[in-house]
Amino acid sequence: MSFDPVNPAPFQLEKLGWSKFFQNQITTGTPGRVASANHGRFLVWTETGETDASVSGSLRRNSTLWPAVGDWVVLRDDGEVIATVLTRKTKLSRKQPEREIREQVLAANIDVVLVVLPIDRELNVLMLERLAVMAFDSGATPIVVLTKSDGSHVVDSVVHEAQETVPGVAVMTTSSQSGHGIEELRSILHPGVTAVMLGASGAGKTSLLNALEGSNELTVEVSRGGEGRHATTTRRLYRLTSGGVLLDIPGIRLLDLTIGQQGLDDAFADVTQLAMSCRFTDCAHSGDEGCAVEAAVASARLSARRLESWRTIRDEMIQQELSREQEVSSRKKKGRGSKPKPAPSFDDEL
Ligand SMILES: Nc1nc2c(ncn2[C@@H]2O[C@H](COP(=O)(O)OP(=O)(O)OP(=O)(O)O)[C@@H](O)[C@H]2O)c(=O)[nH]1
Ligand SMILES: [Mg+2]
Ligand SMILES: [Zn+2]
């Protein structure tokens with residue numbers, strides 16, 4: 001375990017997000033936070049410094065408790081083995097219907113999800129809607145960060161478009177090149193706050209980290225089509241000079257975005273609010289009798305495009321659910337459902 005004699009308590013756990021919620025879960029052992037994971041080895045921050053830890057045998061056999069970046073864990077006395085993963089406050093995850101481990105936790109115990117989209121070209125509304133749903137699903141607070149503002153001549157109208165797309169969510173603009181908005185971002189990331197950056201490859205996530213910290217982490221050239229080529233390949237926590245903690249993760253593709261009902265309700269708060277007046281509680285807002293949402297579209301209180309997006313995402317959600325159920329039932333037919341759980345494949349893969 002590394003220890004800095006000049007600064008005897010370099011890691012104040014509260015600054016790193018430690019709270020009563022976690023304290024109440026432990027009686028013995030050393031608490032620490034998983035800062036990165038690499039094929040079964042974990043870099044853990046504790047009060048006395050960083051340690052390189054593995055997981056205990058019992059954890060290894062119980063794949064539902066596999067540590068993810070951002071997790072609070074308890075180390076055994078020797079300080080090199082993770083004995084327990086504490087219950088998560090929030091988690092940003094994606095479902096993997098086709099994999100043995102169904103859910104991949106991208107970030108644990110986050111307070112804020114920075115939904116990062118570049119605006120040096122047209123705002124990708126489709127992406128924003130889905131990222132917002134996933135961010136809301138995590139249980140943390142989403143904030144939209146529109147990057148590369150130096151490359152846009154229509155910043156105000158794009159901000160307006162983003163606000164219309166995710167009503168009630170704060171929208172800010174940044175430029176890692178000019179420094180615009182970086183101070184504002186810094187003020188959000190104060191001690192005790194953990195944020196994760198969620199966005200496509202090439203959106204400018206790592207550049208934000210570099211602009212905040214003056215660091216020089218690897219960024220990527222963006223191709224003509226706007227897609228980056230995964231400059232960042234691992235998930236990692238950074239302690240910021242502003243006191244907070246920032247998680248940089250690899251870019252996510254539109255295809256990988258998974259969605260849940262709660263996230264849908266929250267990201268489409270305008271539709272959810274109107275739906276409370278629909279005659280049927282399970283109204284699909286699609287020709288159903290007494291539909292208040294369609295009535296709102298007819299009287300121009302809700303845009304038709306907005307309802308269209310809601311329907312599309314809901315259809316995708318139902319489709320995802322169906323394929324997951326099919327997966328489970330075909331597994332059962334093959335008699336695999338009764339097999340003991342396999343050892344976890346490493347969750348730190350892309
Ligand atoms: N003009 C301009 N370019 C930017 C800005 N921020 C990032 N870029 C450029 O956009 C490209 C991608 O930036 P990255 O920070 O690597 O993107 P990323 O989201 O971390 O990408 P992944 O790690 O692959 O997910 C780089 O070439 C950056 O120089 C900005 O504010 N203005
Ligand atoms: Mg990156
Ligand atoms: Zn309805």
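Q: A salt bridge is a side-chain nitrogen of Lys or Arg within 4 Å of a carboxyl oxygen of Asp or Glu. How many salt bridges does the structure hold?
A: This is a predicted model, in which local features need pLDDT of at least 70, side-chain atom pairs count only at pLDDT 80 or more, and totals for chains, interfaces and linings use all residues. Residues are numbered from 1 along each chain as its sequence is written, chains are lettered from A and ligands numbered from 1 in the order in which they are written, and side-chain values use heavy atoms, leaving out hydrogens and water. The number of salt bridges held by the structure is 13.

Q: Which side chain meets Arg88 in a salt bridge?
A: Side chains of opposite charge can pair when their charged atoms come close. For Arg88, the N to O distance to its partner is 2.7 Å, and that partner is Asp71.

Q: How many residues apart are Arg88 and Asp71?
A: Helices (H or I, at least four residues) and strands (E, at least two) are DSSP runs, numbered from the N terminus. Arg88 lies in the loop between strand S5 (81–85) and strand S6 (91–95). Asp71 sits in the loop between helix H2 (57–61) and strand S4 (72–75). The pair links distant parts of the chain, and the separation in residues is 17.

Q: Is Asp71 buried or exposed?
A: Buried means under 20% relative accessible area, exposed over 50%, and partly exposed in between (1.4 Å probe, protein chains only). Arg88 is partly exposed at 21%. Asp71 has 0% relative accessibility, so it counts as buried.

Q: Where is Asp111, the salt-bridge partner of Lys89?
A: The closest N and O atoms of Lys89 and Asp111 are 3.0 Å apart. Lys89 is in the loop between S5 and S6, 22 residues from its partner. Asp111 is in the loop between strand S7 (103–108) and strand S8 (112–118).

Q: Why are Glu183 and Arg186 about one helical turn apart?
A: Their side chains meet in a salt bridge, N to O 2.6 Å. Glu183 is exposed at 53%, while Arg186 is partly exposed at 23%. Both belong to helix H5 (residues 182–188), and they are separated by about one helical turn because their spacing in residues is three.

Q: Which residues are the protein donors of the magnesium ion (ligand 2)?
A: Donors are N, O and S atoms within 2.8 Å of the metal (3.2 Å for Na, K and Ca); water is not among the atoms, so sites may look incomplete. Here the protein donors lie 2.0 Å from the ion, each through OG1: Thr206 and Thr232.

Q: Where is Thr232?
A: Thr206 is in helix H6 (residues 205–213), 26 residues away from Thr232. Thr206 is buried at 8%, and Thr232 is buried at 16%. Thr232 is in the loop between H6 and strand S12 (236–239).

Q: How many of the 13 residues of H3 are buried?
A: Helix H3 covers residues 125–137. Among its buried residues are Met127, Leu128, Glu129 and Phe136. H3 is largely enclosed by the rest of the structure, because the number of its residues that are buried is eleven.

Q: Which residue with positive phi follows H3?
A: Its phi is near 95°. The residue is Gly139.

Q: What share of the residues in the protein chain is buried?
A: The chain has ten helices and 13 strands. Of its 350 residues, the buried share is 47%.

Note on methods. The expected span of a helix is 1.5 Å times one less than its number of residues.
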